[in-house]
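Here are my notes on this one, as promised.

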Amino acid sequence: MLYSISMKQFFTTLTRRRCYFYRCLVVGVLTNNMFSASIASKTIQTEIACQLSPEAKAQKESLRQAALNGDRKAQKRYKSLIAENARQLQECRSQNWPRNQAIWLRLYPCDLRPGGLDEIMDRIVNKGYNQVYVEVFYDSQVLLPQAENNTPWQSVVKSPGLERADLLAQAIQTGRDRGLKVYAWLFTMNFGYAYAQRPDRQSVLARNGLGQDNLAALYNGTADEEVAKGDNGKAFIDPYNLQAREDYNKLVQAVVKRKPDGVLFDYVRYPRSTGEASVATKVQELWLYSEATQQVLYQRAMNNQGLALIRRFLNQGYITTGDLAQVDAMYPEEEEPLWQGRNLDLTKNLLSPQERQPILQQELWELSVAHAAQGVLDFLASAKSPAQQQGIPTGAVFFPGGNRAIGQGGYDSRIQPWDRFPAAMEWHPMVYKACNDTSCILEDLQRVISLAPSATQINPALAGDWGRSVTNRPPLELQMQAIRQFAPQIDTLSHFAFSWQEPELDRERKFCQLR
C-alpha cells in the first residue's frame, strides 16, 4: 500500500523534542541519589518484592523431584502448592511495583524432558516474575512442532519421534498453571542465515547499493548493541517483498493458534552497518536495492519527471544540473518533478537547474529514507495482523537510538521509526546501555517517553542480574529503583534474560542429550 509520506512525518520529532534541559535535570537527580541507592541495595538484594524465601524454594523443588519420581502424595501437594504460589504471586504483584515483571526466555529441545518446563517456570515464579517472554522465532528456527510446521524455517525440536512435540503450547500451559502470562517473542525482519541461503528466497533479501545482502556486506553483529551473544546469523529481508510477508504471516498465524497472552516483535528494522556506514549519509548505504523496494519507490513518483529523477538518484547516488536539464527537455509539458510528500514551495520560484539541483537532491534523499522507514512500518502492520484479529495484545521491541537523525542529513542505518509504531501496541524499549550507573539508561528512557503518544504503554527492558553488576550495568534492583523514581507511571518492566540469571541451568539445558 502506498502512503503520502515525507521526512517531516518521520524525523522532525527527533530535532524538535530533544529536551536537553530536562535531560540535565535527570542526570542531576541520579547523581544526588546514587549514594543512597547504593546503601539501599544491601536491603533490596536480600528482600526483593514477591520473591520466595530460600526455604520456600527448597520445599517446592523437593516436592517437584518427588512428584517426578512417582510419589502420588507429593504430586498432589506439588500441584496444590503451585496453585497457592500463583495466587500469592498475583496478590503480591498487585500490591508492589512494578505490577508486571517479566523475563525473557529461550527454550531448548531438552526442556521437553519430564519436569523440565516445571523447573524453569518454578524458578521464574520464585523470582517474583508474573510474565515470561518465550523466544519463538530466532536464528532461522521456529518453536513449532515439525508435524505442523509449514513455514520456511526448521523446527527447534528435530529429534526423531518428537515430530508432534509442541514445546510452545506446553510452555504456555505450564506458565499459566503458575499464574504467569506467557508472551511469544519473535524476530521480525531478521529471517536468519539459513533462510538467506535458500536459492528460492534470494529476491526476498534486503540489498544495498552494491547489490549485497547484509551478510555479504560483512555485517558485524557486535556493532548492533546486541546483548544476546552468538547470534551471528542475522539476515534481513526486504519489507516490501510479498513473499517475505507471506512467509512471516504463516509463522504468526501458527503462533497465535497456540493462544499466547501476547506477541512481541523484535528486529523491526534494517541491520546496523559497521564503521562510517553505521550512519547512513548516502542512498547506496540504505537497503533499498532489492526489486520489491525499488518498484514501490518508483510508484511514489507522481509524474514522469519525478520518476526519471528518482531512478537517476537511486542509480547514481546524486543528480546533476545536466540531469535536470535532460528531464525538463524530455517532459516539457510537466512544470515540476512530483513524488509523494514533495514540498513544491521550496522550488516554485527557482527556474535554473543550478538553483534547483541541491534542493531536489536533498528532497530525493529524504524521500529515500522515508521510503525505507515506511517499509518497516508496513511490515509491522502486516506482521501483527493475525494476532490483532484474534484479540491478542502485541508489542514492538526496539533500541531507543534506532531512529536518530545524526549530523548534517545522516540517519542511524537501522532506520527504525519506532516513534511511529502504533500507540495501541506495547512499546518495549531495550534500555541496555552500559555506563556503570543508571544515567544512560534513564537518558534512553526519557527519550522514549518524550516521543511516545500519551496513551502508549511503555514497558522498558533491562539487562542484568539481581544483586550483581553485569558488563558495566548496575544490579537489576538499582536499575529498577532509578526507573521507579524517574517514571513512576511505568508499571511493567522486563529483564534480559533467564540465561543470565541461571547460567548453569541454561548450559545444562542447551547441551544435554534429549535421547
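1. Ground rules. This is a predicted model, so keep in mind that local features need pLDDT of at least 70 and side-chain atom pairs count only at pLDDT 80 or more, while totals for chains, interfaces and linings use all residues. Residues are numbered from 1 along each chain as its sequence is written, and side-chain values use heavy atoms, with hydrogens and water left out.

2. Overall picture. The chain has 16 helices and 14 strands; these are DSSP runs numbered from the N terminus, with helices being H or I of at least four residues and strands E of at least two. Of the 515 residues, 56% are buried (under 20% relative accessible area; exposed is over 50% and partly exposed is in between, with a 1.4 Å probe and protein chains only). Taking contacts (heavy atoms within 4.5 Å) between residues at least 6 apart in sequence, 77% join residues at least 24 apart.

3. Aromatic pairs. There are 25 of them in the structure. Rings of Phe, Tyr and Trp (its six-membered ring) pair if their centres lie within 6.5 Å, and planes under 30 degrees apart are stacked, over 60 edge-to-face, and the rest tilted. Why does the pair of Phe191 and Phe379 count as tilted? Its planes are at 55°, with the ring centres 6.4 Å apart. Phe191 is in the loop between strand 5 (181–187) and helix 7 (193–196) and Phe379 is in helix 12 (residues 353–389), so the pair ties together parts 188 residues apart in sequence. Both are buried: Phe191 has a relative accessible area of 0%, and Phe379 has 2%.

4. Another pair on helix 12. Trp365 and Tyr411 are also tilted, at 6.3 Å centre to centre and 40° between the planes. Trp365 belongs to helix 12 and Tyr411 to strand 10 (residues 410–412), 46 residues apart. Trp365 is buried at 6% relative accessible area, and Tyr411 is buried at 9%.

5. Cluster and charges over rings. Trp104, Tyr133, Tyr183, Trp185, Phe399, Tyr432, Phe496 and Trp500 make up one aromatic cluster. Arg311 is over the face of Tyr298 at 4.1 Å from the ring centre, and the charged end of Arg342 is over the ring of Trp339, 5.4 Å from its centre.

6. Cores. A nonpolar core is a set of buried Ala, Val, Leu, Ile, Met, Phe, Trp, Tyr and Cys residues joined through side-chain atoms within 4.5 Å. The largest one has 120 residues, and Ile124, Leu186, Tyr248 and Phe421 have the most contacts inside it. Helix 12 gives the largest share of this core, 13 residues. Beyond its neighbours within four places in sequence, Phe421 contacts residues including Val268, Val376, Leu380 and Trp427. A separate core of 16 residues includes Trp185, Tyr432, Ala497 and Trp500.

7. Helices 9 and 10. Helix 9 (residues 291–299) packs on helix 10 (residues 304–316) at about 145°, with the axes 9 Å apart. Here axes are lines fitted to C-alpha atoms over the stretch in contact, and angles run from 0 to 180 degrees between N-to-C directions. Helix 9 brings Gln294, Leu297 and Tyr298, and helix 10 brings Leu307, Ile310, Arg311 and Leu314.

8. Helix 6. The buried residues of helix 6 (residues 167–177) are Leu167, Leu168, Ala171, Ile172, Thr174 and Gly175. Their cover includes helix 5 (116–126), strand 2 (131–138), strand 5 and helix 8 (242–256). After helix 6 comes Gly179, with a positive phi near 85°.

9. Two single residues. Thr394, in strand 8 (residues 394–398), is buried at 10% relative accessible area. Pro474 is in the loop between strand 13 (461–463) and helix 14 (476–486), and is buried at 6%. Residues up to four places away in sequence aside, Pro474 touches Asn436, Asp437, Thr438, Arg468, Ser469 and Gln479.

Key:
Lys NZ or Arg CZ within 6 Å of the ring centre and 35° of its normal.
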